Amino acid sequence: MLTLSPIAVHAQQKPVDPVVIAKGEYLARAGDCIACHTAREGKTFAGGLAMKTPFGTLYTSNITPDPQTGIGTWTSDQFYRMMHTGRFPDGGLVYPAMPFASYTKVMREDSDAIYAYLRTVPPVTQVNRPHDLTFPFNNRSLILGWRTLFFKEGAFEPDPSKSAEWNRGAYLVEGLGHCGMCHTAINALGGSSQSQAFEGGLIPMQNWYAPSLTSNKEAGLGDWTIEEIVDYLRKGVSAKGAVYGPMAEVVYNSLQYLNDDDVRAMAVYLKGLAQGASPEKAAAPLPSAESSLLLSFGKQLYDRECATCHGVNGQGMPPDYPPLAGNQSIQMVSAVNAIRMVLNGGYPPGTAGNPMPYGMPPFAHKLSDDEVAAVVTYIRASWGNRGEPVSARQANELRAATLN
């Protein structure tokens, strides 16, 4: 946790109520600001994190209260304008890697609280690094076209037909949590369609698949209990599975710090996204000869390498070893995450609710591409699972995927 100053004082502003500052710290956690605005081994909120995109590399900005290189001279009005409209104090356009399309829904009082908190963090003198974008994407005026297509300035509008709890969850998920940034497909222009919100997609440049939150075959939580969802969000593990990859960072940096009411509100909203989702069609079967050989080979590998932890019948030993039978993350349209877990292994995040997580060892050094394909195919097609088969080519392509 960051150390809070007892009072934030802006040059020409009145002291800010410590309660507001504490609220701002909490909301900054909810927005996971630290994840992007803190470089690996860098100073907190000083920026400089490289964010690779299909258009080049963006470097995040310094949001400490340093007056020369940070936001020390910004007013609360200017900070809110940046959050709400995606424009700098001088009117310049913010690149949409900053989730202002989600933050536009953040209420003014919440923006002011975050601003008050950021003014209390230690100032860091660190000049923002210029972006390294390819032509023509280094022409910032092109953002005007992107904004026309994909950005609608607005505010969160509660649904009067829903409960206060549901609306609080929607506000956090759609606004500060900016969950749609990953869980909505990104097109070739770097934008997403509101009609496809939360339907999932491959995260550009990261080689992780953010599953659909509206489909019960993927990450839709309509069949989960509220308690299982709360555990998943806050602890990083539940009886249904564990978080890995980018979602593990979100739990570690953000979700584990949210209070009971807010995590439950998010769970209520997320569960509702997939309730009533129609059953998915079973995957097309492999030709019988190929299926018999691949599944037989995959079973041998599974029994040898995986069954000790995940069970002979894929039942696992939750929450330490996730079940594979009936596990939605195993059966998704994309097999990227399952392949990466076999190749690279990984740990759920260490959280207050799960301080010593059990991890999975990597098998990239031990299994060939054909073996990875066989064991992942076996897992995706056994015990009632309905995932499609995996090829050795898919396994090979993901061997070089970055681990960060």
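This passage describes selected structural features of a predicted model. Residues are numbered from 1 along each chain as its sequence is written, and side-chain values use heavy atoms, with hydrogens and water left out. Because the model is predicted, local features need pLDDT of at least 70 and side-chain atom pairs count only at pLDDT 80 or more, whereas totals for chains, interfaces and linings use all residues. Helices (H or I, at least four residues) and strands (E, at least two) are DSSP runs, numbered from the N terminus.

Three strands form an open sheet in the order β1-β2-β3, with antiparallel pairing. The strands β1 (50-53) and β3 (132-133) stand at the edges with a single partner strand each, so one side of each is left without a neighbour in the sheet. Two strands are taken to pair if DSSP finds at least two bridges between them; β1 and β2 (residues 56-59) run antiparallel and are joined by four bridges. In general, strands of a sheet pair through backbone hydrogen bonds, either parallel or antiparallel.

Helix α1 (residues 18-30) and helix α5 (residues 108-118) have axes that come within 7 Å and cross at roughly 100°. This makes α1 roughly perpendicular to α5. Axes are lines fitted to C-alpha atoms, for helices over the stretch in contact, and angles run from 0 to 180 degrees between N-to-C directions. Angles under 35 degrees count as roughly parallel, over 145 as roughly antiparallel, 65 to 115 as roughly perpendicular and the rest as oblique. In the contact (heavy atoms within 4.5 Å), Val 20, Ile 21, Lys 23, Gly 24, Glu 25, Leu 27 and Ala 28 of α1 meet Glu 109, Asp 110, Ala 113, Ile 114, Ala 116 and Tyr 117 of α5. The residues of this contact divide into eight nonpolar, one polar and four charged. In this division, Ala, Val, Leu, Ile, Met, Phe, Trp, Tyr, Cys and Pro count as nonpolar, Asp, Glu, Lys and Arg as charged, and the others, Gly among them, as polar.

Leu 258 lies in the loop between α10 (246-253) and α11 (260-274). With a relative accessible area of 3%, Leu 258 is buried; buried means under 20% relative accessible area, exposed over 50%, and partly exposed in between (1.4 Å probe, protein chains only). Residues up to four places away in sequence being left out, Leu 258 touches Tyr 26, Ala 30, Arg 234, Val 263 and Met 266. Leu 258 is 231 residues from Leu 27 in sequence, yet their C-alpha atoms are 8.8 Å apart in space.

Another buried residue, Met 341, has a relative accessible area of 12% and lies in helix α15 (residues 336-344). Its contacts, again without residues up to four places away in sequence, are Trp 208, Tyr 244, Gly 346 and Met 360. A distance of 13 Å separates the C-alpha atoms of Met 341 and Leu 367, which are 26 residues apart along the chain.

Helix α16 (residues 369-381) has 13 residues and reaches 18 Å from its first C-alpha to its last, close to the 18 Å expected at 1.5 Å a residue. The expected span is 1.5 Å times one less than the number of residues. Of the 13 residues of α16, 11 are buried, so the helix is largely enclosed by the rest of the structure. Among the buried residues are Asp 369, Glu 371, Tyr 378 and Arg 380.

Backbone geometry was also examined. Most residues other than glycine have a negative phi, and most peptide bonds are trans. Trp 383, which follows α16, has a positive phi near 60° although it is not a glycine. Trp 383 is located in the loop between α16 and α17 (392-398) and counts as partly exposed at 24% relative accessibility. Asn 207, likewise not a glycine, has a positive phi of about 55°. Asn 207 is placed in the loop between β4 (201-203) and β5 (208-210) and is partly exposed, at 31% relative accessibility.

Cis peptide bonds occur from Phe 135 to Pro 136, with omega near 5°, and between Pro 318 and Pro 319, with omega about 5°. Pro 136 is in the loop between β3 and α6 (143-150), whereas Pro 319 is in the loop between α13 (307-310) and α14 (328-331).
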